[in-house]
Amino acid sequence: MKQYIPNPSNPQRPRPVHLLTDRALRYRANSPELRPAMPKICAYCGGHRNVEVEHIDGHEEHLAPDNLIWACRSCNTKKGLAFRNAGLGRRTRQYNPAASGAQNLAQWLQAVMAVKGESEQMSVADAVAMIRATPAADRSRFAYQIWARRRARRTDKLVPF
Ligand SMILES: [Zn+2]
């Protein structure tokens with residue numbers, strides 16, 4: 001299936017994703033039309049530092065809004081390692097669109113810990129599907145809740161509860 005992304009210089013002619021380089025894709029993911037529709041804090045840890053647009057499933061060519069999220073560099077690095085350990089390389093994983101999103105903070109944290117290699121209660125692939133299926137407003141709410149809890153406990157560790 002060919003994927004297209006908006007072309008601000010010529011809105012009538014969206015650009016096919018497969019023609020873009022990795023660098024262009026990263027640039028596009030940060031463009032105003034594609035930036036995640038939530039405040040710029042890390043959706044995985046609530047952190048405010050070094051936050052960038054991240055591709056939830058690890059595929060830079062997947063620019064669908066549900067696959068883009070704000071993440072800090074530290075969480076991004078942990079995710080990369082967890083994906084490698086789980087054998088999820090680029091261009092190998094199909095997204096399961098039937099997955100349901102996190103219904104509460106506990107489910108969200110379980111998925112976040114799984115994609116960061118901090119829990120094996122859920123497979124990395126299932127966690128990716130759950131995070132993608134969680135609407136932006138809920139991602140944002142969970143991120144704030146995590147941040148608030150961390151601040152209350154003055155800790156950098158993710159505390160499941
Ligand atoms: Zn983070």
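What geometry do the four donor atoms give the site of the zinc ion? The points below take up this site first, then the core and the helices.

1. Basis of the note. The model is predicted: local features need pLDDT of at least 70, side-chain atom pairs count only at pLDDT 80 or more, and totals for chains, interfaces and linings use all residues. Residues are numbered from 1 along each chain as its sequence is written, and side-chain values use heavy atoms, with hydrogens and water left out.

2. Zinc site. The site is tetrahedral, with angles of 106 to 117 degrees among the four donor atoms; four donors count as tetrahedral if all angles lie between 85 and 135 degrees. The SG atoms of Cys-42, Cys-45, Cys-72 and Cys-75 coordinate the zinc ion at 2.3 Å. Donors here are N, O and S atoms within 2.8 Å of the metal (3.2 Å for Na, K and Ca); water is not among the atoms, so sites may look incomplete.

3. Donor spacing. Along the sequence, the donor residues follow the pattern C-x2-C-x26-C-x2-C. Cys-45 sits in the loop between helix H1 (22-29) and strand S3 (51-55), whereas Cys-75 belongs to helix H2 (residues 73-85), so this pair ties together parts that are 30 residues apart in sequence. Cys-45 counts as buried at 8% relative accessibility, and Cys-75 does so at 2%. Buried means under 20% relative accessible area and exposed over 50%, with partly exposed in between (1.4 Å probe, protein chains only).

4. Overall organisation. The chain contains five helices and four strands, in the order β-β-α-β-β-α-α-α-α from the N terminus. Helices (H or I, at least four residues) and strands (E, at least two) are DSSP runs, numbered from the N terminus. Of the 161 residues in the chain, 42% are buried.

5. Nonpolar core. The largest nonpolar core has 36 residues, and those with the most contacts inside it are Cys-42, Tyr-44, Ile-69, Trp-108, Val-115 and Ile-131. Such a core is a set of buried Ala, Val, Leu, Ile, Met, Phe, Trp, Tyr and Cys residues joined through side-chain atoms within 4.5 Å. Helix H3 (105-115) and helix H4 (124-133) are among the elements that each supply at least two residues of this core; its largest share, seven residues, comes from H3.

6. Val-115 lies in helix H3 and counts as buried at 0% relative accessibility. Leaving aside neighbours within four places in sequence, the contacts of Val-115 (heavy atoms within 4.5 Å) include Tyr-44, Phe-83, Val-128 and Ile-131. With the same exclusion, Ile-131 is in contact with residues including Tyr-44, Ile-69, Trp-108 and Arg-139.

7. Helix H5. The 18 residues of H5 should span 26 Å at 1.5 Å a residue, and the end C-alpha atoms are 26 Å apart, which agrees; the expected span is 1.5 Å times one less than the number of residues. Arg-139, Ser-140, Phe-142, Ala-143, Ile-146 and Arg-150 are the buried residues of H5. They cover an arc of only 165 degrees around the axis, which puts them on the same side of H5; the arc is that of the directions from the helix axis to the C-beta atoms. These buried residues pack against S4, H3 and H4, while Ala-137, Arg-151 and Ala-152 are exposed on the other side of H5. Just after H5, Arg-154 takes a positive phi of about 50 degrees.

Definitions and conventions: Tetrahedral: all angles 85-135°; square planar, octahedral: opposite > 155°, others 65-115°.
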